[in-house]
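Dear colleague,

Please find below the structure that I am handing over to you. My findings follow it.

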Amino acid sequence: VIVVEGPGHGGSSASPGRFSLHDCADAAMEILDAMNVASVTWLGAAWGGHVGIAAALDHPNRIDGLVILNAPLASWKGARLALMRLSYGLLWLFGPRSFVGPM
C-alpha cells in the first residue's frame, strides 16, 4: 500500500502555488516511478478519487483498477448544495464530535 498525501495535508509541506488534478496525477506517477512500480489499483476518496480519475485518463497504462469513494462527478446544485453548506456550517459551529458522535 502506498499512501500519498497532497500538498498541505498530513506531513506534506504547503504547495508552492496553484496545481490541477492532472498535476497531482502526474506527481503520483513520479512517485510510482521513484518506487519502481509499473502500475497500481488506485483507491481514492474525495480528492483522491478525483486525482485517480485524472490519473486513469492521463496514464491509462499505469492504472489497473480504479475505486473511488465520495468523489461526485456532477456539480453541486440545488438541495444537494444547500445540504452540503448546512453540514459545513454545523461542523464549523459545533465541531464533529458534538452532533455527529451521538448519532
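This is a predicted model: local features need pLDDT of at least 70, side-chain atom pairs count only at pLDDT 80 or more; totals for chains, interfaces and linings use all residues.

Residues are numbered from 1 along each chain as its sequence is written, and side-chain values use heavy atoms, with hydrogens and water left out.

Strands β1 (residues 40–45) and β2 (residues 63–69) run parallel and are joined by 6 bridges; two strands pair if DSSP finds at least two bridges between them. Helices (H or I, at least four residues) and strands (E, at least two) are DSSP runs, numbered from the N terminus. Val40 has Ile63 of β2 as its bridge partner. Together with helix α2 (residues 47–58), β1 and β2 make a right-handed β-α-β unit, meaning that, with the strands pointing away from the viewer, the path from the first strand over the helix to the second runs clockwise.

The largest pocket holds about 660 Å³ of space. A pocket here is an open set of points on a 1 Å grid over the protein atoms alone, where a 1.4 Å probe fits, with protein on both sides within 12 Å along at least five of seven lines; lining residues have an atom within 4 Å of a point. Of its 22 lining residues, Ile2, Val3, Val4, Ala28 and Trp42 are the closest to the centre. β1 gives the most to this lining, with 6 residues.

The second largest pocket, of about 160 Å³, is lined by Ala46, Asn70, Pro72, Trp76, Met84 and Tyr88. A volume is the space filled by probe spheres set on the points, with grid points joined across faces, edges and corners.

Arg80 lies over the face of Trp76, 4.5 Å from the ring centre (the rule requires CZ of Arg or NZ of Lys within 6 Å of the ring centre and within 35 degrees of the ring normal).

Yours sincerely
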